Amino acid sequence: MTVFLILTALILLSIAVWQVTKIFELSQSKPVNTQIANHKDNDIQGKLLLAFLIFLYLLTIYSFWAYNDVLLPESASEHGKEYDRLMWITYLIIFFVQIVTQALLHYFSYRFRGNKPEKKASFLAENDRLEFWWTVIPVVVLAGIILYGLYTWTEIMTVEENEDALVVELYAQQFNWKARYAGQDGQLGEANVRFLQDFGGLNLVGIDATDPNGMDDVVVTELHLPVNREVIFKMRSQDVLHSAYMPHFRAQMNTVPGMITEFAYTPTITTSEMRQNPQIISKIEKINKLREARSKDLVASGDFPLDPYEFDFLLLCNKICGASHYNMQMKIIVETAEEFENWLDQQPTFAQTIE
């Protein structure tokens with residue numbers, strides 16, 4: 001009841017202020033308003049446009065300086081270098097065009113702002129040469145970006161058969177990821193969501209128990225990858241549309257219920273090497289300072305403090321797939337080939353899991 005009375009009082013007060021304002025406006029003599037800008041108006045607007053141009057560029061420079069640390073570090077995959085190169089070329093072209101066009105627009109608006117009665121703007125009906133160049137140059141530049149992008153896209157997305165490649169299945173489910181590795185036979189067994197309830201729920205990704213290729217498969221909840229070896233991902237979804245997003249490897253692919261999607265890349269930097277990257281070290285220090293400050297508040301309120309954060313590659317879901325979408329992630333550990341083989345040998349096979 002108290003809240004209702006307070007809201008009612010605020011509404012009545014707002015109405016009263018509005019009415020007083022209207023009465024005050026009616027009591028004032030209104031200046032003549034012809035809706036036509038005069039020389040003083042033009043002078044003010046021209047100066048404001050120049051001031052906004054300076055403000056815009058200062059803000060851009062400050063943003064690059066202040067928020068540079070939120071950018072991703074160097075790519076940890078082979079194709080990522082080409083991906084980043086394409087992105088930065090596109091950024092440079094866009095920024096160059098934006099800087100030049102905005103500077104000219106605001107400068108000419110200030111330079112020819114018509115602040116004097118005798119100043120007249122010149123009018124150019126047409127200029128075939130100028131129109132030719134401002135049509136041809138954007139066409140050539142955009143065509144170059146598109147062709148370069150198509151070439152890069154084709155190189156990245158082409159998944160070729162490679163006997164030395166590691167084949168890993170990524171299985172998406174609200175709201176977690178699972179990974180499946182082929183066993184000694186080097187082949188993943190057949191799988192289907194119809195088999196998920198087999199063996200008392202131990203069949204986590206729906207492996208077909210009648211397929212002998214699947215009995216030595218290994219299902220895990222932490223993704224391990226060998227460095228400098230191509231990895232071919234075969235992706236499935238149990239329920240809704242998810243998106244396997246691995247930002248540090250510049251990789252993303254939708255996982256679609258009822259079909260298998262593929263993506264491949266070669267990791268080039270191990271987890272331990274990335275943790276020694278100066279940019280990563282700086283990021284982690286910043287994150288842990290924030291976590292330390294937050295921990296003090298949590299302790300003061302009787303909660304447990306936050307543990308210090310340590311960098312890890314992550315597999316994320318980049319589709320809003322439900323209420324816990326934000327928490328759908330899996331750790332990725334990139335290690336040497338020997339470390340990877342030792343880890344894989346220690347994982348139980350599907351046959352051992354269902355025994």
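**Close-up views of salt bridges**

A search of the whole structure, a predicted model, finds twelve salt bridges. Side chains of opposite charge can pair when their charged atoms come close. The views below show some of these pairs.

**View 1. K234 pairs with E262 in a salt bridge.** Their side chains meet at 2.3 Å, N to O. K234 sits in strand β5 (residues 231–237) and E262 in strand β8 (residues 261–265), so the bridge ties together parts 28 residues apart in sequence. K234 is partly exposed, at 27% relative accessibility. E262 is partly exposed too, at 33%.

**View 2. R275 forms a salt bridge with E310.** The closest N and O atoms are 3.4 Å apart. This pair links distant parts of the chain, 35 residues apart. R275 belongs to helix α5 (residues 271–275). E310 lies in the loop between α6 (278–300) and β9 (313–317). R275 counts as partly exposed, at 27% relative accessibility. E310 is also partly exposed, with a relative accessible area of 49%.

**View 3. K331 meets D312 in a salt bridge.** The N to O distance is 3.8 Å. K331 is in strand β10 (residues 329–335), and D312 is in the loop between α6 and β9, so the pair ties together parts 19 residues apart in sequence. D312 counts as buried because its value is 11%, and buried means under 20%.

**View 4. Shared partners build one network.** Salt bridges join E222, R275, E310, D312 and K331.

Key: Residues numbered from 1 in each chain as written. Predicted model: local features only at pLDDT ≥ 70, side-chain atom pairs only at ≥ 80, totals over all residues. Heavy atoms only, no water. Salt bridge = Lys/Arg side-chain N within 4 Å of Asp/Glu carboxyl O. Helix = DSSP H or I, 4+ residues; strand = E, 2+ residues; numbered from the N terminus. Buried < 20%, exposed > 50% of the residue type's maximum accessible area, 1.4 Å probe, protein only.
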